[in-house]
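Q: I'd like to learn how to read a model like this one. Could we go through some features together?

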Amino acid sequence: MDKLLLTYKGIKKILLMIGVLTFLQGVIIVLQAIYLSKSITALFHGTAWTAVLPYLFYFAALFLLRHFLQWIKERVSYNFAEKTAMEKQSQLLQKLFEIGPHAVSKHGTGNMITLCMEGIPNFRKYLELFIPRFISMLVIPAIILLYVFSSDTLSGVVLLVTMPIMFVFLALLGMAAKKKVDDQMGTYRILSHHFVDSLRGIVTLKYLGRSKSHSKAIEHVSNQYRIATNQTLRVAFLSSFSLNFFSSLSIALLAVELGVRLIDGTTGLEIALAMLILAPEYFSPVREFGNDFHATMDGKDAGTQIHQLLTQETIPLVEKKVDMTPWNEKSSLHVENLSKMADDEDRYIMKDVHFQVKGFKKIGVIGASGAGKSTLIDLLAGFTAPNSGSIKVNDQTIPHFAIPEWQEQLTYIPQHPYIFSGTIAENVCWYTPDAPKDAINEALRITGLTELITKLPKGMDEKIGQGGRSLSGGEEQRIALARAILKEQPIMVFDEPTAHLDIETEHDIKQMMLPIMENKLIFFATHRLHWIQNMDLILVMDNGRLVEIGTPKELYDERGFYYQLIGGEMADEALSEVY
């Protein structure tokens, strides 16, 4: 049994309700067998059908009651599964926002999409089927076995001996099926991740003339998933056949044993018929559980993944409200000994970073790949919390940058901004849905989107994102900038926003971004050094440490790490006129 099952809200009440209903079903099954065997025995001995009619009436009434209880069980389990799945979906989406884009990319965007789109329905189906099947497998055979032992001990021994064989075989098939399902889910995650990456890169593939050759890679990944699926189905079909075969063999063994005793006259026809009627009912819950086991394993796996994500450590909430005035030219930020450890390793990925900022400034964060730029940006954006260090805003200490009072003033623009499935207007107004039309048009004009919109059949109502018109990287960044303009926040955090753009597009985007960055506090992580000349202050990172800080000219004149990073003597001639 899944240990996580007992942690879901309201599960004890559901288990009790379904347990009681299943117990009543078990009693009804026994009574059905009794009245049906009485009816057949009476008719066999020549009793008038009018005398048998009450037995048949009781049997029919019990039959209807049994299936009415089954309907109630299905409704109870379905409602619980639906409610729990919706709660987990809401919690999962909230968690994805809490852990931030870098943590999501660590798990794999395709994996997260698969978990949200298909994992939740599979999880719901698992709860809906597993709970009633599992309880029926425990309760109904036990009730039938008690009655059989009380009525015919030898038949009870036969049923008691054959049932463990079914359970052992079910366990063996379960282990084999789990491995196949794990393999299938692994290839499915690869397929979904590959599909998402292909969609994102289709424009680039077409531009490079590689879209047709990429179809071979898609075919290869799809074929791997096909093979894994067929192997899983083979095990599922084999297990269903085997369970039916062994249960039929056990019932046949019981029938032979009862037949021999009927010939010898050591048992009566009524008892023998009741035992034969109950035998299929005795094995039926185990067969149903085995048949549905394969259909629910995906859901169980999805539930485990969801639980692991939900229990992933996030930034602790700050219960006390922080009185923080909006950032202005007199505001100050003081960071001292800020350190961050890797989540899955006992080592620092950023250590002892300290700097001070006052008023509106453009701060560049530079360094080689792996130097700690993204870690610092994640901390400043509130996507993660530091393990140690001191943060003061206007001389007021805060535990981390994830507090609402800081984030409500902040706009974050990543390297690949997310385009939601909707119109251009809806994407631009994502943070400000009530923005006036004049403000929207001005934001579109500033970001150079007006020309694009005039060429589209539906203008601002043209659908983009999933299921809509695809955009280039530059157009996506323009959408993100238009959002930032409408949001009008005094703090902006950029995480290499132009790293994936060609030099011509980057130049156009840069000319639009510079005016937007005026009179704001800007943190700008980049490895494109031409941005540095537009920064007021540079933070130079190396191996997770802040090795230098100063204006571009100060750092250039020092001939230190920054000087070597930008090219050393090779940069002297190019930058001599600037400095």
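A: Gladly! Let's start with Asn-291, which sits in helix α6 (residues 269–310); helices here are DSSP runs of H or I with at least four residues, numbered from the N terminus. This is a predicted model, where local features need pLDDT of at least 70, side-chain atom pairs count only at pLDDT 80 or more, and totals for chains, interfaces and linings use all residues. Residues are numbered from 1 along each chain as its sequence is written, and side-chain values use heavy atoms, leaving out hydrogens and water.

Q: Is Asn-291 buried, partly exposed or exposed?

A: Buried means under 20% relative accessible area, exposed means over 50%, and partly exposed lies in between (1.4 Å probe, protein chains only). At 32%, Asn-291 is therefore partly exposed.

Q: How do I describe two packed helices?

A: Use the angle between their axes and the distance between the axes. Helix α12 (residues 473–487) and helix α13 (residues 503–516) come within 11 Å, axis to axis, and cross at roughly 5 degrees. Axes are lines fitted to C-alpha atoms over the stretch in contact, and angles run from 0 to 180 degrees between N-to-C directions. So α12 and α13 are roughly parallel (angles under 35 degrees).

Q: Which residues of α12 and α13 meet?

A: With contact meaning heavy atoms within 4.5 Å, Leu-481 and Ile-485 are among those in α12, and Met-512 and Ile-516 among those in α13.

Notes:
Helices (H or I, at least four residues) and strands (E, at least two) are DSSP runs, numbered from the N terminus. Angles under 35 degrees count as roughly parallel, over 145 as roughly antiparallel, 65 to 115 as roughly perpendicular and the rest as oblique.
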